[in-house]
Amino acid sequence: MQGKTVVITGATSGIGDVAAIRLAEQGARIVFTARDKARADDTMAALEKANPNAGHALHMADLSRLSEMKRVAAELAREPQIDVLVNNAGALFNKRLETDDGLEMTFALNHMAYFVVTNLLLGKLKPGARIVTVASNAHRGARLDFDDLQSRRSYTGFPVYSRSKLCNILFNRELARHLSGSGVTANALHPGFVATRFGNDSGGLIRTVLKVAKPIGAISPEEGAKTITYLASSPDVAAISGEYFYECKIATPTAEARNDADAKRLWEMSQQIAGLG
């Protein structure tokens, strides 16, 4: 990764933070987005220790807002080169929240931020570049209702989160199709059930369940970050695109996540929502 620039969204805690540091240790320059300045400063300090002279860069942004997605993407597009883009920012919300754009918060942050930032950076990605999208096996059992992508009819935190992770895999599938023949690859992954800050701010029953479950069955952030760093750096996957990985191996997502018609429809609806032609 010597001399390469890696852009990571959501790199201030958990697997994103670990992946950023491990890639920096391999020689990469890390450019990351953050919403919390204090945690961002901690991440920057760790990056500068891991790779002192790389000139790592921070961009503050609230990736739940379309205007912020577009603003930070425009800032990132000023980079001379982007070798790897890691879409990682995301959260789970126990109660339905709506953004200023009228979007349900989970859909906005977990899906639209991936879609908008990636699309606005495609012009910076040259042959050999990689896009890595953090999804989850939480997509299993999820189905999309294209007439209610904003979950207005009913809302339960984890099922809505699961649908957002299904969106991630469908997005990656259609993205790989768009990139076919370009020399740029796109792959999604399940990091595992990881003991991170994830879900800590969700409130309600979800927070309680996660608090109990993490000490029992969760893997460490170090373990959870391995597939991210693998897809970002390993020569073994340089020519692989459009796949879904778990534990650094190709895995099979659900039939719903392999539905090309749904992938295309989600892409087109996301374009309309974002105002991207």
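Which residues does Pro127 touch, not counting residues up to four places away in sequence? Pro127 touches Ser182, Gly183 and Val184, where contact means heavy atoms within 4.5 Å. The model is predicted: local features need pLDDT of at least 70, side-chain atom pairs count only at pLDDT 80 or more, and totals for chains, interfaces and linings use all residues. Residues are numbered from 1 along each chain as its sequence is written, and side-chain values use heavy atoms, with hydrogens and water left out.

Pro127 sits in the loop between helix 4 and strand 5. Helices (H or I, at least four residues) and strands (E, at least two) are DSSP runs, numbered from the N terminus. Pro127 has a relative accessible area of 68% and is therefore exposed. The classes are buried (under 20% relative accessible area), exposed (over 50%) and partly exposed (in between), with a 1.4 Å probe and protein chains only. From Pro127 to Pro253 the C-alpha to C-alpha separation is 27 Å, across 126 residues of sequence.

The largest nonpolar core contains 84 residues. Such a core is a set of buried Ala, Val, Leu, Ile, Met, Phe, Trp, Tyr and Cys residues joined through side-chain atoms within 4.5 Å. Helix 4 (residues 105–121) gives the most to this core, with eleven residues. Val6, Ile30, Leu63 and Met112 have the most contacts inside the core. Beyond residues up to four places away in sequence, Ile30 touches Val6, Ile8, Ala20, Leu23, Ala24, Leu47, His56 and Ala57.

One cavity of 30 Å³ or more was counted. On a 1 Å grid over the protein atoms alone, a cavity is a set of points where a 1.4 Å probe fits but cannot get out; a pocket is an open set with protein on both sides within 12 Å along at least five of seven lines; lining residues have an atom within 4 Å of a point. Grid points are joined across faces, edges and corners, and a volume is the space filled by probe spheres set on the points. The largest cavity holds about 30 Å³. Its lining comprises Arg130, Ile131, Val132, Thr185, Asn187, Leu231, Val237 and Ile240. Strand 5 (130–134) and strand 6 (185–190) each supply at least two lining residues. Strand 5 gives the most, with three.

The second largest pocket has a volume of about 150 Å³. It is lined by 14 residues, of which Pro191, Ile219, Glu223, Tyr246 and Glu247 are closest to its centre. Helix 7 (221–224) and helix 8 (226–233) are the elements that give two or more residues to this lining.

Thr229 belongs to helix 8. Its relative accessibility is 12%, so Thr229 counts as buried. A polar atom of the Thr229 side chain lies 2.9 Å from the backbone oxygen of Lys226. Apart from residues up to four places away in sequence, Thr229 touches Ala19, Arg22, Leu23 and Ser234.

Glu247 lies in the loop between strand 7 (244–246) and strand 8 (249–251). Cys248 is found in the loop between strand 7 and strand 8. Most residues other than glycine have a negative phi. Phi of Glu247 is positive, near 55°. Phi of Cys248 is also positive, near 65°. Glu247 counts as exposed because its relative accessibility is 54%. Cys248, at 26%, counts as partly exposed.

Terms used:
A polar contact is a pair of N or O atoms within 3.5 Å; within protein, one must be able to donate a hydrogen and the other to accept it, and residues adjacent in sequence count only if both atoms are side-chain atoms.
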